[in-house]
Amino acid sequence: MEKNFRLIIEYDGTHYHGWQRQIALPTIQETIETALNLMTGQKIRLTGSGRTDAGVHALGQTANFRCDTRLTAETVQKGLNGLLPSDIVIRECREADSKFHARFDARSKTYQYRILNNPVGSAVGRQYHWHIRKTLDLNAMQQAATHLEGTRDFKSFEGAGSPRAHTIRSVYRAEIQKPDDRFVLFEIQANGFLKFMVRNIVGTLVAVGLGRLSSHAVEGLLQSRNRKMAGPTAPAHGLFLMDVQY
């Protein structure tokens, strides 16, 4: 009997070349597929909600796969977590409707970018944030972030080599958070993201926070559709895929 399993996956992307399978390079998709093949004796193809870049992390990536098996979802979860390396964890596994598709059924995704904004860096956890020593102007950054909300053309924040047919995306929420006196978090929820889009936005917001761009410059950047006018690309290791909404 064919079953459609839905997974929620947490991973540390430090040692991987992103989600999508690549030739001769370690990826999250390939690593999980290898474990599935070993466990089921079948050649399994895992479908993710979307790609994450090399070095990017996830707390709530969603994926699904179909398999002719008597195994229960609980057994699949336990088996995978027993086979996978410690930097990939299956947080949840359950049987889904036969028509469920992790990519095509996704309505929106939420990403979080973490910045350590402190004169002194951190030895522990340094692979999970971007360290910026100079104090950021958070009010200016939040004002800039509000220009991102709505259905807009994000061509100015698209990385080179993007396979997308168009660059229009709908951003439902873009906000700056400060949970304590050291960290600054940027969260963004949208119906989809272009290649490097979040990291390019973060680099631009940091430029605003450092006074190199005005908070109103983002509106002009969006209208320009010119990547060269936006800020630098933020490092991958500060970015987390938080969850996928269906």
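Residues are numbered from 1 along each chain as its sequence is written, and side-chain values use heavy atoms, with hydrogens and water left out. Because the model is predicted, local features need pLDDT of at least 70 and side-chain atom pairs count only at pLDDT 80 or more, while totals for chains, interfaces and linings use all residues.

**Packing of two helices**

Helix α1 (residues 28–40) packs against helix α2 (residues 73–83) at an angle of about 115°, and their axes are 10 Å apart; helices here are DSSP runs of H or I with at least four residues, strands are runs of E with at least two, and both are numbered from the N terminus. The axes are lines fitted to C-alpha atoms, for helices over the stretch in contact, with angles running from 0 to 180 degrees between N-to-C directions. On the side of α1 the contact (heavy atoms within 4.5 Å) is made by Ile 32, Ala 35, Leu 36, Leu 38 and Met 39, and on the side of α2 by Thr 75, Val 76, Gly 79, Leu 80 and Leu 83.

**Salt bridges**

Side chains of opposite charge can pair when their charged atoms come close. With a salt bridge taken as a side-chain nitrogen of Lys or Arg within 4 Å of a carboxyl oxygen of Asp or Glu, the count comes to 11 salt bridges.

| Pair | Closest N and O atoms |
|---|---|
| Lys 3 and Glu 95 | 3.7 Å |
| Arg 152 and Glu 219 | 2.8 Å |
| Glu 175 and Arg 173 | 3.1 Å |

Lys 3 pairs with Glu 95 in a salt bridge, and because Lys 3 lies in strand β1 (residues 2–11) and Glu 95 in strand β4 (residues 88–95), the pair ties together parts that are 92 residues apart in sequence. Lys 3 is buried at 11% relative accessible area, whereas Glu 95 is partly exposed at 44%; buried means under 20%, exposed over 50% and partly exposed in between, with a 1.4 Å probe and protein chains only.

Arg 152 forms a salt bridge with Glu 219; since Arg 152 belongs to strand β7 (residues 150–153) and Glu 219 to helix α5 (residues 217–224), this pair ties together parts that are 67 residues apart in sequence. Arg 152 counts as buried at 19% relative accessibility, and Glu 219 is partly exposed at 23%.

For the pair of Glu 175 and Arg 173, Glu 175 counts as partly exposed at 27% relative accessibility, and Arg 173 counts as partly exposed at 23%. Finally, a network of salt bridges links Arg 21, Glu 30 and Glu 33.
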